[in-house]
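Good morning, and thank you for coming. Please look at the structure on the screen before I describe it.

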Amino acid sequence: MMKIFLLLCLIATSSLAQTTDLKEVKITTRKKAIERKIDRTVVNVDGLINVAGTNAFELLGRLPGLRVTEEGTINLMGKGATVYFDGKLTYLSGADLMSYLKTMGTDQLDKVELIPNPPARYDAAGSGGVINILTKKSKQEGFNTGITLNGGKGIYRKVNGSFNFNYRINKLNLFTNVGAGNPKDFQNSSATRSFKNETGSLTSILEQQGEILYNRHNSNVKVGVDYYLNKRTTIGFIFNGLRNRVNEHGGIKNLMMNGNRELDSMVNSSHSVNNLFRNGTMNLNMLHQFDSTGTELSMDVDYTHYNSTNNQLFGNNSYNASGQALGLERIRGDLPRTIDIFSARADYSFSLKNNYKLSAGLKSSFIKTDNQANYFSGAAELEQPDYNRTNAFLYRENINALYVEGYREFGKLGVKVGLRTEHTSSKGHQLGNIQKSDSSFVRNYFNAFPSFFLSYKPDSTNQNQFFLSYGKRINRPAYDQLNPFLMVVQKYNQESGNPFLSPEFTNNIQLTHVFKDKLTTNVYYSFMSNTSSPVIKAINDVYIKRPENVGSVIITGLMLSYNQDIFKWWNADFTVNPERVHLQSEFNGITVDTAVVMQSFNWYNRFSLGKTWSAELAFDWGGRNYSNQVTTFGLAGIRAGVKKQLFSGNGSIGVNGSDLFYSAIRKGSIHNVAGSSAIFRNRQDTRTVIFSFSYRISKNAKNNKRLRDRNGAWDEQDRIKGL
């Protein structure tokens with residue numbers, strides 16, 4: 001894929017040199033990088049300078065109202081959000097979602113929409129709303145193409161780039177987007193675990209120090225065609241594919257000490273993981289507009305296939321306090337996995353008299369997963385199957401949904417009411433082995449998800465606008481969270497699923513006031529019941545993490561956003577987001593009933609320095625983050641960038657730096673673990689300098705009001721974890 005990408009870049013560069021037409025240059029007003037709308041925040045990625053050379057995962061960690069963890073959790077206003085690409089769900093979560101987002105460079109993205117309380121048309125999955133990432137697609141007739149190249153360095157190299165192409169003539173529109181990258185990264189970590197007996201006396205200490213190197217090779221391609229049968233009907237086909245290979249190598253030094261802090265033994269752990277993740281998605285779509293009043297019918301059929309291979313090798317060399325070798329433990333893992341998803345949906349909307357607007361739709365999805373975990377222990381030539389860890393897990397799921405929603409304006413008042421119903425049928429089968437018996441489960445449940453939106457505009461100039469919204473959401477377990485077998489992470493860390501894990505439900509209420517389209521005030525309240533959380537249990541000196549339904553969470557928050565042109569050449573955007581989180585949980589005989597205040601602050605500045613120069617300066621700060629067993633301390637970072645337009649606006653060069661003071665170091669503690677506690681510190685390659693170059697061309701370009709880029713697979717991808 002990298003060779004194909006470089007070849008496309010050379011072809012595009014040659015085409016640009018031959019066909020560029022600079023006779024007419026049109027100057028337009030530059031969009032704000034961050035726009036606040038009635039029900040969402042829109043981030044125009046092209047308006048950001050200091051994200052060049054980064055990926056979609058890194059971009060989300062810099063946006064207002066979002067909190068992103070190293071494990072791949074993405075929270076919007078304190079709750080887990082579902083991630084969409086071009087209106088279609090990724091079907092991924094956790095480590096898989098993080099891997100997927102890291103294959104997509106920000107130069108391939110157009111916008112990011114943050115929708116905290118989506119209407120009934122969206123799938124009900126996810127407690128914290130929707131993050132819709134829109135990729136680039138030209139909206140002009142004629143020939144349009146462009147290339148972007150990024151290269152830089154932190155401690156290790158950061159290299160990626162993209163090529164996009166669009167050609168529309170008469171009734172046919174062809175488009176493609178190709179990206180590739182080969183970045184290298186690392187994680188340096190340290191941790192100290194303390195173990196105590198029933199009387200509270202210290203019995204032992206485990207000190208850990210390690211470093212992991214990641215070498216990534218990622219590529220992605222998007223190819224599509226739209227055919228306009230007539231002025232009212234369009235049919236289309238889209239193919240999305242990606243390939244992500246991660247070679248991971250690292251080592252950890254483990255020192256075990258007694259209660260008097262005297263060295264008792266030492267284990268040097270090493271591991272090597274080769275992970276290959278591939279995805280292909282095909283979509284057929286149709287849109288028919290019956291008239292100019294908004295009456296339309298859309299239909300989508302999707303097929304998605306995920307395939308991954310994960311080859312692991314763990315080695316543990318043990319020594320006594322005097323350094324004498326005690327033995328070598330070797331574990332090899334082979335973990336193939338496939339996921340197949342088929343979905344179909346139809347949506348119909350129409351207008352009635354007296355300003356009534358109605359819409360309805362249905363969707364059906366079928367999911368099949370096959371997870372294999374084959375572990376072997378012993379020397380390479382003598383290894384034997386490890387039946388304590390080896391297993392296979394099969395999962396089937398069918399979700400059928402139906403929704404209806406209506407909207408009407410009553411003068412200054414607008415009302416939108418919706419109802420979505422979903423029926424879920426699932427079956428899991430853990431096959432077992434010659435030492436472990438098999439097990440299975442079957443579940444069927446039906447849920448209704450009402451939504452309500454109210455808007456009020458008291459004056460004709462829209463100096464003040466008020467909005468009230470309510471919605472109910474569901475968060476189903478990720479597919480592999482239901483698999484009960486243990487998975488090796490490293491010698492002192494293991495994970496398992498929970499076949500008894502059930503969905504959690506969230507009720508969200510939000511009140512919004514917008515003043516002069518500059519100051520936006522959001523007050524929100526969320527009640528999450530039957531919440532699931534990873535629960536850590538200490539078995540001897542090993543931490544085992546298992547998801548469990550632990551209780552409830554109440555979140556009360558305030559988000560203030562202000563955008564102002566301080567001078568004609570200086571635009572500033574401020575966001576502050578304090579929230580109170582009340583946890584009520586029970587797990588492993590421990591009761592948690594506590595309330596904490598968490599907060600974040602973003603300050604984004606854009607400077608227009610003449611006609612062709614622009615610059616950015618941004619400051620991000622996130623305060624303490626608290627969960628049932630893990631507390632992470634605050635993180636802060638400063639980013640800056642400079643960009644210059646070239647070739648009458650058709651090209652640009654730029655340089656940007658991230659985490660300039662290397663302050664984004666994750667520190668925290670682990671608590672509420674029976675008989676144990678821990679502190680940890682993680683550092684990654686976050687301080688970087690990236691140089692970027694982009695060039696684009698439009699030949700015979702004419703604006704086109706509508707181009708289609710969507711499909712109906714919007715929900716199930718968000719639940720795949722941990723490949």
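I begin with helix H3, residues 94-102, where 8 of the 9 residues are buried, so the helix is largely enclosed by the rest of the structure. Buried means under 20% relative accessible area, exposed over 50%, and partly exposed in between, with a 1.4 Å probe and protein chains only. Among the buried residues of H3 are Asp-96, Leu-97, Met-98 and Tyr-100. Helices (H or I, at least four residues) and strands (E, at least two) are DSSP runs, numbered from the N terminus.

This is a predicted model, in which local features need pLDDT of at least 70, side-chain atom pairs count only at pLDDT 80 or more, and totals for chains, interfaces and linings use all residues. Residues are numbered from 1 along each chain as its sequence is written, and side-chain values use heavy atoms, leaving out hydrogens and water.

Let me turn to the whole chain. The protein chain contains 3 helices and 40 strands. Of its 723 residues, 52% are buried. The C-alpha atoms fill a box of roughly 80 × 55 × 50 Å along the principal axes.

How confident is the predictor? The pLDDT, its confidence in each residue from 0 to 100, averages 87 over the protein chain, and 91% of the residues score at least 70. Confidence is lowest in helix H1, residues 2-19, at a mean of 40, and highest in strand E39, residues 676-684, at 96. Where pLDDT is low, the predicted coordinates should not be read in detail.

Technical notes. pLDDT = per-residue confidence, 0-100.
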